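Welcome! Please take a moment with the sequence and the fold shown here before reading on.

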Amino acid sequence: MKTPSTTLEVFSGALACAGRGAGGVARVAGIAGLLGVFAAACAGEIKAPAGGAGGDADGSGGGGGVTVPPGGSGGDRRTASGGSPGGAGASGSGGAGVAGSSGGLGGARAGTGGASGLGGATAGLGGAGGAGSTDPTAICARWTADRANLSEGTWSGATASCTAGDMSADARANALRLVNLYRWLAALPPVTTDPAHDAEDMACALMMRANNMISHMPPTTWLCYTAAGADGASNSNVSSGPAVSSVDLYMTDPGNPTTIGHRRWLLSNSLGPIGIGGTDRSSCLWTLTGTGKAGKPWMAWPPAGIVPVQAVFAGGTKGGADTTGWTVESDSINLANAQVTVTVDGTNMPVTVAQLLGGYGSKYAISFIPMGWTTQPNKTYSVAITGITTPISYTVQTITCN
(Lines give C-alpha, C1' and ligand atoms only; values in the text may rest on other atoms or scores of the structure.)
Protein backbone atom coordinates (compact mmCIF):
# COMPACT_ATOMS: atom_id res chain seq x y z
CA MET A 1 0.00 0.00 0.00
CA LYS A 2 1.34 3.39 -0.93
CA THR A 3 1.23 5.75 2.00
CA PRO A 4 2.07 9.40 2.58
CA SER A 5 5.61 10.32 3.49
CA THR A 6 4.64 12.08 6.66
CA THR A 7 3.15 10.92 9.90
CA LEU A 8 0.43 12.09 12.20
CA GLU A 9 0.48 12.07 15.96
CA VAL A 10 -2.46 12.49 18.25
CA PHE A 11 -2.73 12.78 21.97
CA SER A 12 -5.35 13.84 24.41
CA GLY A 13 -5.46 14.54 28.07
CA ALA A 14 -2.84 13.50 30.60
CA LEU A 15 -1.22 15.55 33.30
CA ALA A 16 0.74 17.67 30.89
CA CYS A 17 -2.52 18.90 29.40
CA ALA A 18 -4.18 19.93 32.63
CA GLY A 19 -5.78 23.28 32.61
CA ARG A 20 -5.94 23.62 28.86
CA GLY A 21 -9.68 23.92 28.63
CA ALA A 22 -11.36 23.71 25.28
CA GLY A 23 -14.59 25.46 24.59
CA GLY A 24 -15.22 25.85 28.28
CA VAL A 25 -14.46 22.19 28.96
CA ALA A 26 -11.40 21.14 30.91
CA ARG A 27 -8.83 19.81 28.51
CA VAL A 28 -7.58 17.12 30.71
CA ALA A 29 -10.11 15.84 33.12
CA GLY A 30 -11.89 13.74 30.77
CA ILE A 31 -14.06 15.64 28.39
CA ALA A 32 -12.81 16.03 24.91
CA GLY A 33 -9.15 16.63 24.55
CA LEU A 34 -7.30 18.20 21.74
CA LEU A 35 -5.81 16.72 18.72
CA GLY A 36 -2.51 18.15 17.72
CA VAL A 37 -0.06 17.23 15.18
CA PHE A 38 2.78 18.92 17.05
CA ALA A 39 1.71 19.40 20.60
CA ALA A 40 2.52 18.51 24.16
CA ALA A 41 2.55 14.88 25.22
CA CYS A 42 -0.82 13.70 26.28
CA ALA A 43 -2.01 10.29 25.06
CA GLY A 44 -1.74 7.92 22.12
CA GLU A 45 -0.40 9.02 18.81
CA ILE A 46 -1.25 8.72 15.19
CA LYS A 47 1.21 8.37 12.44
CA ALA A 48 0.72 8.09 8.75
CA PRO A 49 3.24 5.72 7.25
CA ALA A 50 5.97 7.59 5.43
CA GLY A 51 6.31 5.87 2.14
CA GLY A 52 7.78 2.62 3.43
CA ALA A 53 6.76 -0.06 5.84
CA GLY A 54 4.84 1.04 8.88
CA GLY A 55 6.46 1.42 12.24
CA ASP A 56 5.86 -0.54 15.38
CA ALA A 57 2.73 -0.30 17.45
CA ASP A 58 4.64 1.23 20.34
CA GLY A 59 5.49 4.23 18.23
CA SER A 60 9.02 3.21 17.39
CA GLY A 61 10.12 2.93 13.81
CA GLY A 62 8.33 6.08 12.77
CA GLY A 63 10.04 8.43 10.41
CA GLY A 64 8.38 11.78 10.58
CA GLY A 65 4.76 12.51 10.85
CA VAL A 66 2.00 14.48 12.37
CA THR A 67 0.88 14.72 15.93
CA VAL A 68 -2.15 15.96 17.71
CA PRO A 69 -2.22 18.38 20.63
CA PRO A 70 -3.15 17.57 24.18
CA GLY A 71 -6.63 17.65 25.39
CA GLY A 72 -9.23 15.54 27.18
CA SER A 73 -8.69 12.28 28.91
CA GLY A 74 -5.92 9.91 28.15
CA GLY A 75 -2.47 8.70 28.93
CA ASP A 76 0.69 9.91 27.39
CA ARG A 77 1.35 10.71 23.80
CA ARG A 78 4.57 10.58 21.96
CA THR A 79 5.82 10.70 18.43
CA ALA A 80 7.69 7.88 16.83
CA SER A 81 11.38 7.93 16.26
CA GLY A 82 13.46 6.61 13.40
CA GLY A 83 12.56 4.53 10.38
CA SER A 84 9.30 4.66 8.50
CA PRO A 85 6.36 5.75 10.57
CA GLY A 86 3.69 3.23 11.24
CA GLY A 87 0.30 2.86 12.84
CA ALA A 88 -0.93 4.26 16.08
CA GLY A 89 1.86 4.31 18.57
CA ALA A 90 1.57 4.52 22.30
CA SER A 91 4.75 6.42 22.80
CA GLY A 92 7.81 7.90 21.29
CA SER A 93 9.51 11.25 21.07
CA GLY A 94 9.49 12.49 17.60
CA GLY A 95 9.94 10.83 14.29
CA ALA A 96 12.37 11.94 11.68
CA GLY A 97 10.25 14.06 9.42
CA VAL A 98 10.83 13.75 5.76
CA ALA A 99 9.33 16.30 3.47
CA GLY A 100 6.14 14.72 2.33
CA SER A 101 3.43 15.47 -0.13
CA SER A 102 1.05 15.58 2.73
CA GLY A 103 1.59 16.51 6.32
CA GLY A 104 -0.08 17.53 9.43
CA LEU A 105 -2.25 20.49 10.00
CA GLY A 106 -5.67 20.06 11.28
CA GLY A 107 -6.72 19.44 14.78
CA ALA A 108 -9.75 20.85 16.42
CA ARG A 109 -11.04 20.81 19.94
CA ALA A 110 -13.90 19.54 22.01
CA GLY A 111 -17.00 21.60 22.20
CA THR A 112 -20.43 21.40 23.65
CA GLY A 113 -23.04 19.89 21.40
CA GLY A 114 -26.70 20.63 21.15
CA ALA A 115 -27.75 23.03 18.43
CA SER A 116 -28.63 21.83 14.99
CA GLY A 117 -26.14 22.22 12.22
CA LEU A 118 -25.99 24.54 9.26
CA GLY A 119 -27.03 23.82 5.77
CA GLY A 120 -29.80 21.78 4.28
CA ALA A 121 -28.66 18.22 3.91
CA THR A 122 -30.69 15.38 5.20
CA ALA A 123 -30.71 15.46 8.98
CA GLY A 124 -31.06 12.38 11.09
CA LEU A 125 -32.96 11.67 14.26
CA GLY A 126 -30.01 12.99 16.19
CA GLY A 127 -30.82 16.43 14.89
CA ALA A 128 -27.57 17.46 13.21
CA GLY A 129 -27.69 19.36 9.94
CA GLY A 130 -26.02 18.13 6.82
CA ALA A 131 -23.75 19.56 4.16
CA GLY A 132 -23.16 23.21 3.46
CA SER A 133 -25.27 23.09 0.28
CA THR A 134 -27.85 20.88 -1.39
CA ASP A 135 -26.82 21.88 -4.91
CA PRO A 136 -24.30 19.43 -6.44
CA THR A 137 -23.13 22.04 -8.91
CA ALA A 138 -22.44 24.54 -6.15
CA ILE A 139 -20.62 21.94 -4.08
CA CYS A 140 -18.37 20.94 -6.98
CA ALA A 141 -17.76 24.58 -7.80
CA ARG A 142 -16.55 25.26 -4.28
CA TRP A 143 -14.54 22.06 -4.06
CA THR A 144 -12.75 22.94 -7.29
CA ALA A 145 -12.25 26.62 -6.49
CA ASP A 146 -10.96 26.01 -2.97
CA ARG A 147 -8.44 23.47 -4.25
CA ALA A 148 -7.30 25.41 -7.30
CA ASN A 149 -4.22 26.71 -5.46
CA LEU A 150 -2.53 24.22 -3.17
CA SER A 151 0.87 25.90 -3.22
CA GLU A 152 2.99 25.48 -0.10
CA GLY A 153 4.48 28.91 -0.75
CA THR A 154 7.86 29.85 0.69
CA TRP A 155 9.46 29.93 4.12
CA SER A 156 11.60 32.89 5.17
CA GLY A 157 13.25 31.20 8.15
CA ALA A 158 16.40 29.12 8.53
CA THR A 159 17.45 26.32 10.85
CA ALA A 160 21.13 27.29 10.77
CA SER A 161 20.39 30.58 12.53
CA CYS A 162 17.28 29.28 14.37
CA THR A 163 15.17 31.90 12.63
CA ALA A 164 11.50 30.98 12.66
CA GLY A 165 10.64 33.47 9.94
CA ASP A 166 7.21 33.05 8.44
CA MET A 167 5.45 31.04 5.79
CA SER A 168 4.21 33.09 2.87
CA ALA A 169 0.73 34.54 3.20
CA ASP A 170 -0.58 32.56 0.25
CA ALA A 171 0.42 29.24 1.84
CA ARG A 172 -1.27 30.09 5.13
CA ALA A 173 -4.38 31.17 3.24
CA ASN A 174 -4.35 27.95 1.22
CA ALA A 175 -4.16 25.79 4.35
CA LEU A 176 -6.89 27.75 6.09
CA ARG A 177 -9.10 27.53 3.02
CA LEU A 178 -8.82 23.72 3.03
CA VAL A 179 -9.69 23.53 6.72
CA ASN A 180 -12.78 25.63 6.08
CA LEU A 181 -13.69 23.66 2.96
CA TYR A 182 -13.94 20.47 4.98
CA ARG A 183 -15.85 22.24 7.71
CA TRP A 184 -18.25 23.68 5.14
CA LEU A 185 -18.91 20.23 3.71
CA ALA A 186 -19.74 19.08 7.24
CA ALA A 187 -22.02 22.10 7.81
CA LEU A 188 -19.68 23.65 10.36
CA PRO A 189 -18.82 27.35 10.54
CA PRO A 190 -15.47 28.58 9.23
CA VAL A 191 -12.56 29.42 11.49
CA THR A 192 -9.96 32.18 11.32
CA THR A 193 -6.31 32.35 12.27
CA ASP A 194 -4.88 34.26 15.22
CA PRO A 195 -1.55 36.01 14.48
CA ALA A 196 -0.29 35.14 17.97
CA HIS A 197 -1.01 31.45 17.39
CA ASP A 198 0.57 31.67 13.93
CA ALA A 199 3.78 33.02 15.47
CA GLU A 200 4.01 30.27 18.08
CA ASP A 201 3.28 27.66 15.44
CA MET A 202 6.09 29.06 13.30
CA ALA A 203 8.44 28.63 16.26
CA CYS A 204 7.02 25.14 16.70
CA ALA A 205 7.55 24.23 13.03
CA LEU A 206 11.12 25.55 13.17
CA MET A 207 11.98 23.21 16.05
CA MET A 208 10.47 20.22 14.28
CA ARG A 209 12.39 21.11 11.12
CA ALA A 210 15.70 21.72 12.93
CA ASN A 211 15.54 18.44 14.83
CA ASN A 212 14.00 16.39 12.04
CA MET A 213 11.46 15.12 14.57
CA ILE A 214 8.03 15.98 15.80
CA SER A 215 6.90 16.10 19.40
CA HIS A 216 4.22 17.70 21.53
CA MET A 217 6.74 18.02 24.36
CA PRO A 218 10.04 19.02 22.82
CA PRO A 219 12.88 18.94 25.37
CA THR A 220 14.85 22.09 26.13
CA THR A 221 17.89 20.38 24.66
CA TRP A 222 16.40 20.50 21.17
CA LEU A 223 18.04 22.64 18.53
CA CYS A 224 16.31 26.01 18.14
CA TYR A 225 14.28 25.39 21.30
CA THR A 226 12.13 28.31 22.48
CA ALA A 227 9.33 28.58 25.01
CA ALA A 228 7.08 29.96 22.28
CA GLY A 229 7.77 26.96 20.08
CA ALA A 230 7.15 24.56 22.94
CA ASP A 231 3.86 26.31 23.66
CA GLY A 232 2.89 25.95 20.03
CA ALA A 233 3.81 22.27 20.11
CA SER A 234 1.70 21.63 23.18
CA ASN A 235 -1.34 23.34 21.66
CA SER A 236 -1.18 22.21 18.07
CA ASN A 237 -1.29 19.43 15.59
CA VAL A 238 2.18 18.84 14.28
CA SER A 239 3.37 17.29 11.05
CA SER A 240 6.54 16.36 9.25
CA GLY A 241 4.94 17.63 6.08
CA PRO A 242 4.19 21.15 4.87
CA ALA A 243 1.08 22.94 6.02
CA VAL A 244 -1.24 22.83 3.02
CA SER A 245 -1.03 19.16 2.02
CA SER A 246 -1.22 18.10 5.66
CA VAL A 247 -4.87 19.17 5.86
CA ASP A 248 -5.98 16.39 3.51
CA LEU A 249 -3.90 13.88 5.42
CA TYR A 250 -5.56 14.86 8.66
CA MET A 251 -8.97 14.21 7.18
CA THR A 252 -7.99 10.69 6.14
CA ASP A 253 -6.01 10.28 9.36
CA PRO A 254 -4.10 7.04 8.69
CA GLY A 255 -2.39 5.11 11.44
CA ASN A 256 -4.72 6.30 14.18
CA PRO A 257 -7.44 3.64 14.49
CA THR A 258 -8.18 4.21 18.18
CA THR A 259 -8.89 7.94 17.91
CA ILE A 260 -8.98 9.29 14.32
CA GLY A 261 -8.22 12.40 16.28
CA HIS A 262 -6.94 14.72 13.59
CA ARG A 263 -10.16 14.49 11.61
CA ARG A 264 -12.28 14.85 14.71
CA TRP A 265 -10.44 18.02 15.71
CA LEU A 266 -10.93 19.58 12.31
CA LEU A 267 -14.64 18.85 12.58
CA SER A 268 -15.07 19.81 16.21
CA ASN A 269 -17.62 22.28 17.50
CA SER A 270 -15.11 24.35 19.41
CA LEU A 271 -12.33 24.76 16.83
CA GLY A 272 -10.94 28.24 16.27
CA PRO A 273 -9.33 30.58 16.10
CA ILE A 274 -6.46 28.43 14.92
CA GLY A 275 -2.82 29.06 14.16
CA ILE A 276 -0.86 27.81 11.17
CA GLY A 277 2.91 27.68 10.96
CA GLY A 278 5.00 25.77 8.49
CA THR A 279 8.37 25.26 6.89
CA ASP A 280 9.23 23.31 3.78
CA ARG A 281 8.90 20.03 5.68
CA SER A 282 7.19 20.58 8.99
CA SER A 283 4.06 22.30 10.17
CA CYS A 284 2.00 23.02 13.25
CA LEU A 285 -1.67 23.89 13.46
CA TRP A 286 -3.04 25.33 16.70
CA THR A 287 -6.17 23.54 17.82
CA LEU A 288 -6.45 24.07 21.55
CA THR A 289 -8.02 26.97 23.41
CA GLY A 290 -10.77 27.20 20.82
CA THR A 291 -13.78 29.37 21.45
CA GLY A 292 -15.98 28.00 18.69
CA LYS A 293 -19.59 27.30 19.53
CA ALA A 294 -20.92 25.47 16.50
CA GLY A 295 -23.21 23.47 18.78
CA LYS A 296 -23.89 20.56 16.44
CA PRO A 297 -25.24 17.47 18.23
CA TRP A 298 -23.07 15.24 16.07
CA MET A 299 -20.61 15.45 13.20
CA ALA A 300 -19.97 12.76 10.61
CA TRP A 301 -17.34 12.02 8.00
CA PRO A 302 -18.11 11.45 5.22
CA PRO A 303 -20.66 14.11 6.10
CA ALA A 304 -24.40 13.99 5.90
CA GLY A 305 -25.66 15.31 2.58
CA ILE A 306 -23.83 15.76 -0.69
CA VAL A 307 -20.07 15.24 -0.74
CA PRO A 308 -17.48 14.97 -3.53
CA VAL A 309 -16.25 11.39 -3.62
CA GLN A 310 -12.75 12.87 -3.95
CA ALA A 311 -13.09 14.18 -0.39
CA VAL A 312 -13.49 10.64 0.89
CA PHE A 313 -10.17 9.63 -0.65
CA ALA A 314 -8.10 12.80 -0.17
CA GLY A 315 -4.80 12.61 1.66
CA GLY A 316 -2.75 10.25 -0.48
CA THR A 317 -3.61 7.13 1.52
CA LYS A 318 -4.91 4.18 -0.44
CA GLY A 319 -8.56 3.63 0.43
CA GLY A 320 -8.97 7.00 2.12
CA ALA A 321 -11.70 7.09 4.74
CA ASP A 322 -12.84 3.64 3.66
CA THR A 323 -9.56 2.32 5.05
CA THR A 324 -9.25 4.48 8.17
CA GLY A 325 -12.97 4.50 8.87
CA TRP A 326 -16.07 6.61 8.56
CA THR A 327 -16.70 8.48 11.79
CA VAL A 328 -19.44 10.00 13.88
CA GLU A 329 -18.52 12.16 16.87
CA SER A 330 -20.55 14.00 19.47
CA ASP A 331 -20.09 16.13 22.54
CA SER A 332 -23.47 15.17 23.99
CA ILE A 333 -24.66 11.82 22.60
CA ASN A 334 -23.06 8.81 24.26
CA LEU A 335 -22.12 6.42 21.46
CA ALA A 336 -20.85 3.65 23.73
CA ASN A 337 -23.40 1.06 22.62
CA ALA A 338 -23.82 2.27 19.07
CA GLN A 339 -24.83 -0.16 16.36
CA VAL A 340 -24.35 0.98 12.77
CA THR A 341 -26.24 -0.04 9.66
CA VAL A 342 -25.30 1.23 6.20
CA THR A 343 -27.49 0.52 3.18
CA VAL A 344 -27.43 1.40 -0.51
CA ASP A 345 -30.61 0.97 -2.51
CA GLY A 346 -31.94 -1.26 0.25
CA THR A 347 -28.87 -3.50 0.26
CA ASN A 348 -26.99 -3.87 3.52
CA MET A 349 -23.34 -2.82 3.37
CA PRO A 350 -21.46 -4.53 6.22
CA VAL A 351 -19.18 -2.47 8.43
CA THR A 352 -16.90 -3.05 11.40
CA VAL A 353 -17.70 -0.66 14.25
CA ALA A 354 -15.15 0.53 16.80
CA GLN A 355 -15.36 2.83 19.79
CA LEU A 356 -12.88 5.70 19.62
CA LEU A 357 -11.15 7.22 22.61
CA GLY A 358 -12.67 10.38 24.01
CA GLY A 359 -10.74 13.61 24.16
CA TYR A 360 -10.04 14.18 20.49
CA GLY A 361 -12.28 16.97 19.34
CA SER A 362 -15.31 15.38 20.95
CA LYS A 363 -16.31 13.46 24.03
CA TYR A 364 -17.78 10.50 22.16
CA ALA A 365 -16.94 8.97 18.80
CA ILE A 366 -17.15 5.79 16.76
CA SER A 367 -15.63 4.61 13.51
CA PHE A 368 -17.03 2.11 11.06
CA ILE A 369 -14.98 0.57 8.28
CA PRO A 370 -16.54 -0.86 5.11
CA MET A 371 -16.15 -4.61 4.84
CA GLY A 372 -15.79 -5.82 1.28
CA TRP A 373 -17.00 -2.64 -0.38
CA THR A 374 -15.73 0.83 -1.19
CA THR A 375 -17.43 4.17 -1.48
CA GLN A 376 -18.59 4.74 -5.05
CA PRO A 377 -19.50 7.96 -6.84
CA ASN A 378 -23.10 8.88 -7.50
CA LYS A 379 -24.47 6.65 -4.77
CA THR A 380 -26.59 7.39 -1.72
CA TYR A 381 -25.52 5.69 1.51
CA SER A 382 -28.10 5.56 4.28
CA VAL A 383 -26.57 5.40 7.75
CA ALA A 384 -28.55 4.47 10.87
CA ILE A 385 -26.99 4.47 14.32
CA THR A 386 -29.08 2.76 16.99
CA GLY A 387 -28.52 1.38 20.46
CA ILE A 388 -28.04 4.90 21.83
CA THR A 389 -30.38 7.23 23.68
CA THR A 390 -30.69 9.55 20.68
CA PRO A 391 -30.65 7.50 17.47
CA ILE A 392 -28.90 9.12 14.51
CA SER A 393 -29.74 8.64 10.85
CA TYR A 394 -28.49 10.43 7.77
CA THR A 395 -27.61 9.95 4.14
CA VAL A 396 -24.33 10.48 2.34
CA GLN A 397 -24.78 11.31 -1.34
CA THR A 398 -21.53 11.06 -3.28
CA ILE A 399 -20.89 13.02 -6.45
CA THR A 400 -17.90 13.32 -8.77
CA CYS A 401 -16.26 16.72 -9.13
CA ASN A 402 -13.85 17.00 -12.07
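This is a predicted model: local features need pLDDT of at least 70, side-chain atom pairs count only at pLDDT 80 or more; totals for chains, interfaces and linings use all residues.

The table sets out how each pair is arranged.

| Helix pair | Angle between axes | Axis separation |
|---|---|---|
| H1 (residues 136-146) and H2 (residues 169-185) | about 165° | 10 Å apart |
| H3 (residues 195-211) and H4 (residues 227-234) | roughly 95° | within 7 Å |

With an angle of about 165°, which is over 145 degrees, H1 is roughly antiparallel to H2. The crossing of these two helices is left-handed. On the H1 side, Ala138, Ile139, Arg142, Trp143 and Asp146 make the contact, and they meet Arg177, Leu178, Asn180, Leu181, Tyr182, Trp184 and Leu185 of H2. Sorted by class, this contact of H1 with H2 holds 8 nonpolar, 1 polar and 3 charged residues.

The second pair is arranged in another way: H3 and H4 are roughly perpendicular to each other. Here H3 contributes Glu200, Asp201, Ala203, Cys204, Met207 and Met208 to the contact, while H4 brings Ala228, Gly229, Ala230, Asp231, Gly232 and Ala233. The contact of H3 with H4 divides into 7 nonpolar, 2 polar and 3 charged residues.

Which residues of H4 are buried? They are Gly229, Ala230, Gly232, Ala233 and Ser234. These buried residues pack against H3, and also against strand S2 (236-239) and S4.

**A hairpin**

S4 leads us on to its partner strand. Strand S3 (residues 275-278) and strand S4 (residues 283-286) run antiparallel and are joined by 4 bridges. A hairpin of 4 residues links S3 to S4. Within this pairing, Ile276 has Leu285 of S4 as its bridge partner. Along S3, Gly275 and Gly277 point one way, whereas Ile276 and Gly278 point the other way, and all of them are buried.

**An open sheet**

Now for the sheet. It is open and built of 5 strands in the order S6-S13-S12-S8-S9, with mixed pairing. At its edges are strand S6 (305-308) and strand S9 (347-348), each of which pairs on one side only. Strand S8 (residues 339-344) and S9 run antiparallel, and 2 bridges join them. Val344 has Thr347 as its bridge partner in S9.

**A loop residue: Thr375**

Our last stop is a single residue. Thr375 is found in the loop between strand S11 (364-370) and strand S12 (380-386). Is Thr375 buried or exposed? Its relative accessibility is 4%, and the cut-off for buried is under 20%, so Thr375 counts as buried.

What does Thr375 touch, leaving aside residues up to four places away in sequence? The answer is Val309, Val312, Phe313, Asp322, Trp326, Tyr381 and Thr398.

Methods. Residues are numbered from 1 along each chain as its sequence is written. Side-chain values use heavy atoms; hydrogens and water are left out. Axes are lines fitted to C-alpha atoms, for helices over the stretch in contact, and angles run from 0 to 180 degrees between N-to-C directions. Angles under 35 degrees count as roughly parallel, over 145 as roughly antiparallel, 65 to 115 as roughly perpendicular and the rest as oblique. A crossing is left-handed if the near helix is turned anticlockwise from the far one by less than a right angle, and right-handed if clockwise. Contact means heavy atoms within 4.5 Å. Ala, Val, Leu, Ile, Met, Phe, Trp, Tyr, Cys and Pro count as nonpolar, Asp, Glu, Lys and Arg as charged, and the others, Gly among them, as polar. Two strands pair if DSSP finds at least two bridges between them. Buried means under 20% relative accessible area, exposed over 50%, partly exposed in between (1.4 Å probe, protein chains only).
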